[in-house]
Amino acid sequence: MRKLYFLLIAFQIYSAALINAQNGKTTNLYNVKSLKSDNYSYSKVLGSENYKLVLLQPYHEKYFRDKVMVYSGLKSKTGEIVYSGKNNLLQVKFYPSYENKLKILKSEVKIAIPYDNMDIEKGSHKLMMEIYIENDSIKDAIVFKKEIVVEKPELFNYNEQEITIINFRAQDQAEFKGLKGIKVSFERKFKFSANQTKGISFDNNLAFYYFNVTAYDKADNRICYDKKESDLSIIKSNSIENINFEKVTLFIPYRNLLLSKGKHEISIELKASYVKETVIFNNLALKTVNINQPQVYIVDFKAEDFKIAYGKYDASSELGRIFSKQGSNKGYGYPDVYWNLKIGEYSIYNSSISHNSFTAPNGSVKFKIVDDEKIYLSAYDRDALNADDFIGLIEIGTEKGEFKKIGKTISKDSISNVKYSIVKNKLPNVEKAEIDLTENLNNKSNGYNLDLSFIVSNLLNNNKLQILPFIKRADSIINIAIFDVLVDNFIKKDSVLISSNSYGNLKLFIPQIILLEKDKLGFQIFDSENNILLGEKISNQNINNIKKNDIKYKIGDIKEYTFNGINGIIIKVSRNIPEFYTKLNLEIFLKTSLGLVELSDNQNLTDKLIPVLKEDNEQYFLKNDYTDLNYFNFNADGLYFFLPYFYVPFDENKREFELKFETFYTDNHKFLGAQKEKFTLKKAALKKINILDANLKYKEKIEFKKIRVKILFSEFANIEKNWQSVENKINIPINAQFIAHEKDKMQLYLYYEDDEFGLEKILIKNLLIDFSKMKTGTNILKFKNKDNLSRISLNIELE
C-alpha cells in the first residue's frame, strides 16, 4: 500500500478580532500552520490518514476559558462529502508559547481520518481535505484546505484476521537474560495488515496482538502460571504492517513452571489475543516436549545499612528542582539512592528511594529461583529527567540447594557497605492433588459436593495453604468462595492450615445456582506468601443441568379489591427460598419471570398483571417500576398482583387461569427451574361503554382546529384517540369504546392544538366519571367550571 506523506506546506490565515457588541468579548480567529516532519514526531493512528496541526492566537490572560473545537472533512471532486468528522470533535487546549519572540497561545492538534469511515471504494482517490474550527461565535469555519491523494485499502473485519505459524519449536535447558528455562521459537504471518482492518477507528488496540505460550501437564492442567511477575512467555507484536513471515522467540523460565523436580512430558500451546485480553486465536500451534525440571527454591532476601561512597552525584539545575518532588538537586551533590535486585539481567525488585542521601532504605523481597541462576545487587541514583544513574553492582553468591547466610556484610567499589541476609528453601511441592465430584440433591439445596485431597511437601511449619476452588468456563477461570458443607450456617473459609509433608482434605459444597452446563470445577493451591503451588486441578466431569427447582412459589389469598378507582382482584404470591440461599446472601441475585395464561384459549396475559406492594391495614400501592412485569424480585412478604376485571372479560360463570414462574440467577442468567400454579376467577359485572361526544362551553375564546382525547384508568391503563379535526367547536365527537367494570371510575383528559404556535395545551384534565351511577342506555353527565370550560356535558352509552 502506498503511504501518504504528512502535510509539509505551511499555511497561515490571519484575521482581525471580531467584537461582540452585546457582551464586549473578543473572539479570535486562528492562524493555522502545518508541522514539518523533520521538526516534530508524528504519532501514527493505524488504519487512517494522519495529520498534525498547530493553532495560534494572540495571548490573553483568560486563555484557559477558551473552548475551541476542531474537526476534519473530505470532499470529492464534485463536492460530495465522503467523510465528516463532526461527530468526533476534538477540543483544543491552548498554552502560552513564543513565536519569533512574541508571546502567543498555541495548541497542537492531531487529526486522524479512519479509512473505514470514508465513503469511497478501495483504490486511489484525489480528495479535498478541509480542517474546520468552531466555538461560541464561529461555526464550521474552514481554516485549512488542501488536495490530497488517498490510497484506500481493501478492508476486512478484525475478527477475519488469520495468523499462520510455521517452525514451532521448543528447546529445553535454554537460557535468556541469565534465567534458565525453555526457549520457544516460531515464525508468524498475518493475512492482512492493520490498516486493512475495519474497526481500527473504534479501537486502535485491535492493531496489536499479544502472543503467549502456556504449558500443560499430561492431565491437561495448566503448569505455567505466575500472577506476581511479568511473564517472559508473552510478547507484544509490533503494529501489523509487515505481512511476511517474522521470527519470534518466547521464553518460559523454569521458576514459573509448577512441576516437581525431575523429567516430565509437557505440552506447549501458542495463543494470541489483542491487548484487551479477549482471545482471538486459540491453539495456533501445539508442541509436546520432554523436559528435565530443576528444583525451584524460594529466596528470602533482606538488605539494611546500605551505604554508597561519598561523591558529587547530582548537578544543580533549575529544571531538576522543578521535577524533583522531594527537593533534590539543590547543589549539594547528594543522590536520590535506591537499590535493585536482579536474577541475571531480569529485574525483580526496586527498593524505595532515599532523597538527598548516601544511605539507601532497608528492604526485603521474596522470589523464586533455580540453581545456577545468579543474583545481583545494584545501587542507582534516581534521575527525574533522564535514565537513572548506575552507582555500583555486587554479585550475591548462592550455593546449590538450601542454605542460609545471615548478617553478611559486603562492599565493592562505590557501594561502601551492605548488611544482608539470604535464606534459600525448597518451594513447597504438591505431590498429590485429586478432586472427587458428586451431585448433591438433598432437601437443602441443589449443587455439587467436592472432595479435595492433596499432599504438599517442603511446607515450613509457619506456612499455610490457601485452597481456592474455581469454575473453568470456556477459556476463563472464575474464582468462587469456599462453602464448607460440614460447617454450620455455611461459614466462608478463606484458607486451610496444614503442616509440613501432610495430607490435606477439604469437603466443599458448590450450589448449582452459580454453575452453568458444561462448566468444570477445579481448585488451586497457594501458600501464605501467595506463591502458586498448584495452578489448576480440574475435574474431568462436566456439570449437568439440574432440573430440580428448590425455590417454591405459592398462590395465597385471592380477593376482590378496588385499586385507585378500578375494580379487580388482588393475588398474593409468596416465594419460598431455602435458608441456604439467604445465608449466602444470594437472594438478591435471584429474579423471577412470571407469566399469566388464560387456559380456555391459551392466551398469554402476562402484561395484564400489575405488581403492587402491601402497606399496613391491607392497603396497597403501585410498584414504581411496574412496567417490567416479566422480571422482578420479591420482597420478604412476597408480592401482590392486581388484575383489573376489564382486562379479562368472559361470558362463562368462571374461568381458570395459570401463573407460570421461572427463576434465574442474574449473575450468569442461570435458569433454576419452573413452576405452575392455577386459580379460578368468577365472572365480573362488566359493561360495554362508548363515550359518544362532549358538548363544551368555553370561559374565553379559544382558537383551535384539532383535539385529542385521553381516557385514563388509574395510572396503568388508558385509551387514547389521535388528533382529529374539529369543525364544530361546541360539539366534540369522541367515540371511545371500551370495557369497564360497572363500579369503575374513569378520568377524562382533552387536549387541543394551539393554532398560533402548534403547541399542545390542556383543555380539561382529571374529569372523574363514575360508572356506578349510570344506567343502561344513553347517559348525559354535566359538569360546571372545569379548567378552561364553564360547562361540559358528556353523552355516554352503556350496554
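1. Arg-169 sits in strand β13, which covers residues 163-176. Please keep in mind that this is a predicted model.

2. Now for the overall picture. The protein has 799 residues, and 47% of them count as buried. Its secondary structure consists of two helices and 53 strands. Among contacts with a separation of 6 or more, 66% join residues 24 or more positions apart. The accessible surface is about 41900 Å², with 44% of that belonging to carbon and sulfur atoms.

3. On to charge pairs: there are 15 salt bridges in the structure. One of them joins Glu-598 and Arg-655, whose closest N and O atoms are 2.1 Å apart. Glu-598 belongs to strand β39 (residues 590-598) and Arg-655 to strand β44 (residues 654-665), so this pair ties together parts 57 residues apart in sequence. Glu-598 is buried, at 4% relative accessibility, and Arg-655 is buried too, at 13%.

4. Lys-191 and Glu-162 also form a salt bridge, with 3.9 Å between the closest N and O atoms. Lys-191 is in the loop between β14 and β15, while Glu-162 is in the loop between β12 and β13, 29 residues apart. Lys-191 is partly exposed, with a relative accessible area of 45%, and Glu-162 is partly exposed at 45%.

5. Two further items are worth a look. Asp-305 pairs with Lys-307 in a salt bridge, the closest N and O atoms being 3.5 Å apart. Elsewhere, a network of salt bridges links Lys-75, Glu-130 and Lys-145.

How values were computed:
Residues numbered from 1 in each chain as written. Predicted model: local features only at pLDDT ≥ 70, side-chain atom pairs only at ≥ 80, totals over all residues. Heavy atoms only, no water. Helix = DSSP H or I, 4+ residues; strand = E, 2+ residues; numbered from the N terminus. Buried < 20%, exposed > 50% of the residue type's maximum accessible area, 1.4 Å probe, protein only. Contact = heavy atoms within 4.5 Å. Areas by Shrake-Rupley, 256 points an atom, 1.4 Å probe, with all protein chains shown as cover. Salt bridge = Lys/Arg side-chain N within 4 Å of Asp/Glu carboxyl O.
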